[in-house]
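Please find below my notes on this model, arranged as numbered points. They take up surface charge, charge pairing, the overall fold and backbone geometry in turn.

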Amino acid sequence: MTMLNKKANQNDQISDLPSNVIDAILANLEIKDQIRTSILSKKWRYMWTSAPQLCFDIDFFRSFRHLDDANPVISKTVTNILMGHSGPIHKFTLFIPFDSPFFDIEVEYLNTWIPILSRKGIKYLNFVNVNSVPDEIPYIIFSCKELTYLRFGGFNMLIPPDFCGFKKLLELHLDMLVFEPGALETLASGCPFLEKLIIESCHGFEHLDISSPTLKVLKIVLGDDMKSISLEKSKNLVDFTLDVNGIRVYGLIKSLPKIKRFSVERSFYNKEEKYPYADIIPPTLLARSFNSLEYLKLGDMNLNDKGELLYVVSILESSPRLIEFALYQPCNKDDTSQVSDHSEELQECCCWLRLQIVDIYVAGCPQQAMSLAQFILVNSPVLETLTFNYCYEELDAPKLLKISQGLLLMERESPRAQVEFNHSTF
């Protein structure tokens, strides 16, 4: 072998990489960069055509902005890539963002693409069009029997009468769908091994009653027309995240199994929209549903309201196994001049908490948050860390020093308890 050939072989080590390493490299590249790998060497010329993962996302669609009529070009590009693909496709993503007004997922495209994906053993399928008026989901998508992950959004959801279910599906993500009556229940019941379900801003049903014995993780971003949530039949649910998105529903949660992790987010555009947490989680649920809780996060909590503050205490009292607790109080300038001291009411409350980690985030008046911190410190004999995060428009040194000293001097039941004080501006 000549010296030139030896040198060429040494410089072309990338061609000798194991196939699993090559697959991993291609899987982490955008589709246009996958194609560009064809210039690396002769061996890499067609390597991209067997990449097991294809992703047409925001960057892909933005690259066609300069075209007056991008729709036929994009659809032909996707079709050609799929037709020219020579190996299995395990993961396929087509995500059309809001800022792509020049392209829609039309049924004729899906009727071409999905059969190809199904023949190539698709397991992870992500079809989301948040760009246009919802169109009816094509029935052909229900023919992908090997799916373990499915996400689709931006469609009208109607289940075909001969739907036999997704027998291998583990994770289902429903995003901005409009459901026909009974479609959600039919879809969920057709996934006998479903472990994770995400429902974001979907419409067409008022009452959500999920009966899935295998479901472990559930996330719901409330739609405008949802009035109740019943989860008692999902016996193995352990992790529940709820974003009420400023929508007010009295007694929203009707039933819960004995979950271990619970996170609640809520956001309001103005003060008038605020309503108590008890409207989301009725107090009658606390005693029977929170006794197995280990992690709790409460967002947008108004501690300056006496009822809200005492409601937090009642949640803690109803959660004897709670280990980690996070609470977020947003800024509300209108309340700072009207804050009353409720520390005496908290001193009258006495309970034994198993809390180990507490994270309190406060933007605005810190008075009631500090009272809550004191309550937790004196009732948590195994507490390890309480972090108090204070954020405001302007931070003055005397005020920061007063908060810091107040936290430092607080009585604590746990000999190991550490109190950390962080501050920042927004």
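Predicted model: local features only at pLDDT ≥ 70, side-chain atom pairs only at ≥ 80, totals over all residues.

1. Lys258, Lys260, Arg321 and Arg354 form a patch of positive charge on the surface, where a patch is built from residues with over 30% relative accessible area and no salt bridge, like charges being joined within 9 Å and nonpolar side chains (Val, Leu, Ile, Met, Phe, Trp, Tyr) within 5 Å. Lys and Arg count as positive and Asp and Glu as negative, with His and the chain ends not counted, and the place of a charge is taken as NZ of Lys, CZ of Arg, CG of Asp or CD of Glu.

2. Residues are numbered from 1 along each chain as its sequence is written, and side-chain values use heavy atoms, with hydrogens and water left out.

3. A negative surface patch is made up of Glu106, Glu108, Asp135, Glu136 and Glu180. Of these residues, glutamate 108 belongs to helix 6 (residues 107-119) and counts as exposed at 53% relative accessibility, given that buried means under 20% relative accessible area, exposed over 50%, and partly exposed in between (1.4 Å probe, protein chains only).

4. The whole structure contains eight salt bridges, each defined as a side-chain nitrogen of Lys or Arg within 4 Å of a carboxyl oxygen of Asp or Glu. One of them joins lysine 168 to glutamate 146 (2.6 Å, N to O). Because lysine 168 lies in the loop between strand 6 (155-157) and strand 7 (171-175) and glutamate 146 in the loop between strand 4 (135-136) and strand 5 (149-153), the pair ties together parts that are 22 residues apart in sequence. Lysine 168 is partly exposed at 41%, and glutamate 146 is partly exposed at 31%.

5. Another salt bridge pairs lysine 227 with glutamate 206 (3.6 Å, N to O). Here the loop between strand 11 (217-221) and strand 12 (228-230), which holds lysine 227, is linked to the loop between strand 9 (196-200) and strand 10 (207-209), which holds glutamate 206, the two residues being 21 residues apart.

6. Arginine 261 and aspartate 239 also meet in a salt bridge (3.5 Å, N to O), and this pair links strand 15 with strand 13 (residues 239-243), across 22 residues. Arginine 261 is partly exposed, with a relative accessible area of 37%, whereas aspartate 239 is buried at 18%.

7. The chain has twelve helices and 20 strands, where helices (H or I, at least four residues) and strands (E, at least two) are DSSP runs numbered from the N terminus. Of its 426 residues, 47% count as buried.

8. Methionine 176, in the loop between strand 7 and strand 8 (178-179), has a positive phi near 55 degrees and is partly exposed at 29% relative accessibility. Aspartate 300, in the loop between strand 16 (295-298) and helix 9 (306-317), likewise has a positive phi near 55 degrees, but aspartate 300 is buried at 12% relative accessibility.

Technical notes. Areas by Shrake-Rupley, 256 points an atom, 1.4 Å probe, with all protein chains shown as cover.
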